[in-house]
Amino acid sequence: MPHPLPWWIAGPLIGFMVPVLLLVGNKAFGISSNLRHVCAALAPCGIEFFQHDWKRIGLWNVTFLAGVLTGAALAASFAPPTVQISARTIDTLRALGVRDFAGLAPLDIFTWASLLTLRGFVCVVVGGFLVGFGTAYAGGCTSGHAIAGLADRQLASLIAVCGFFAGGLAATYFILPRIL
Amino acid sequence: MIVYFLLGCGFGAVLMEAEVISWFRIQEMFRFDAFHMYGIIGSAVVVAGVSLLVMKKLALRDAEGALLALAPKVVGTGVRYIAGGTIFGVGWALTGACPGPLVALVGGGVPVMIVALASALAGTWVYGFLRPRLPH
């Protein structure tokens, strides 16, 4: 299998998730609501945001997410990706202090041991927290807003996607250079 | 339910094979050094958008008679979308993963991402806790 899977194959396959989920069960494509469902299942703690009937509303989506985990694991074992990014990005990242370019993510940051370093802690722990907080606040992530919402021409999603990029650019140009 | 599981498997496999879940690819995107990620998101939006238009024309309905459609999001002041979106964007660039890829990475090769996933759950929980006091 060629790596990466070309954008003109991957993009349409991802895009088809939106109509297929509607056709299968009138479900809206969106991953981040699962974080809310899992919170409701594990630790609702009387908080109003987690009082919804997560099994009725979200069991299908949690099942979908279990599939994502399984599908990614199978794909990684049968056809492991060999990430070759642009030379320019490599040069920039190398200048910032990234040394490992072998896997999906640099081992300079994404290992158990690096959790105790500033860059590991900020990228994994703080970054993860912001993903969970931000998507819940914005009511969607890349799948729900950037793909399904934009495809449905919803203004709310357009605003959210502008935010995604504003935040991503800020982190790329102002935060990462200081911590790597 | 098995259908949703299989669709999820397909989605997870595409995320992995197209390297959407790679921190490097996300950096390449935010540094505007490659078209790959823009091509994926752009063509996904076009394919989904055309499908939604066709479905609207056909006025397809589910078993209960409801139209097959996405629920419209209330814009309101828009604060939640710009603020929440920006906060998520920072997290997206730091982890190199949005929620789907976060889970895919746990399954497919970067085990420490389970910490990021747990942290994301904590983030959503804290949002739920603070929600009555946040502007929306």
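In this predicted model, 99 residues of chain B are in contact with 113 residues of chain A, where contact means that the C-beta atoms of two residues, placed from the backbone, lie within 7 Å. On the chain B side, at least two residues each come from α1, α2 (23-30), α3, α4 (79-95), α5 (99-107) and α6 (113-130). The largest share belongs to α4(B), with 16 residues. By class, the chain B side that touches chain A has 62 nonpolar, 27 polar and 10 charged residues. The classes are these: Ala, Val, Leu, Ile, Met, Phe, Trp, Tyr, Cys and Pro are nonpolar, Asp, Glu, Lys and Arg are charged, and the others, Gly among them, are polar. Helices are DSSP runs of H or I with at least four residues, strands are runs of E with at least two, and both are numbered from the N terminus.

A word on conventions and confidence. Residues are numbered from 1 along each chain as its sequence is written, and chains are lettered from A and ligands numbered from 1 in the order in which they are written. As this is a predicted model, local features need pLDDT of at least 70 and side-chain atom pairs count only at pLDDT 80 or more, while totals for chains, interfaces and linings use all residues. The pLDDT, the predictor's confidence in each residue from 0 to 100, has a mean of 96 in chain B, where 100% of residues reach 70 or more. For the complex, the predictor gives an ipTM of 0.96 and a pTM of 0.97.

From α3(A), L35(A), R36(A), V38(A) and C39(A) meet A120(B), L121(B), T124(B), W125(B) and G128(B) of α6(B). That contact has 6 nonpolar, 2 polar and 1 charged residues.

Now chain A itself. Chain A has 8 helices and 0 strands, and its C-alpha atoms fill a box of roughly 50 × 40 × 35 Å along the principal axes. Of its 180 residues, 52% are buried, that is, with 20 or more other C-beta atoms within 10 Å of their own, again placed from the backbone.

Chain A is assigned domain 1 (1-82) and domain 2 (83-180); such bounds come from an automatic or database assignment. The domain centres, over C-alpha atoms, are 19 Å apart. Domain 1 of chain A gives 12 residues to the contact and domain 2 of chain A gives 13. On the domain 1 side, α1 (7-15) and α3 (33-42) of chain A give two or more residues.

In α1(A), the buried residues include W7(A), L13(A) and I14(A). The buried residues of α1(A) pack against α2 (17-25) and α7 (142-151) of chain A, and against α1 (2-17) and α3 (36-58) of chain B. In α2(A), M17(A), V18(A), P19(A), L21(A) and L22(A) are buried. Those buried residues of α2(A) pack against α1 and α7 of chain A, and α1 and α3 of chain B. Just after α2(A), N26(A) has a positive phi of about 55°.

Methods: Buried ≥ 20, exposed ≤ 12 C-beta atoms within 10 Å, placed from the backbone.
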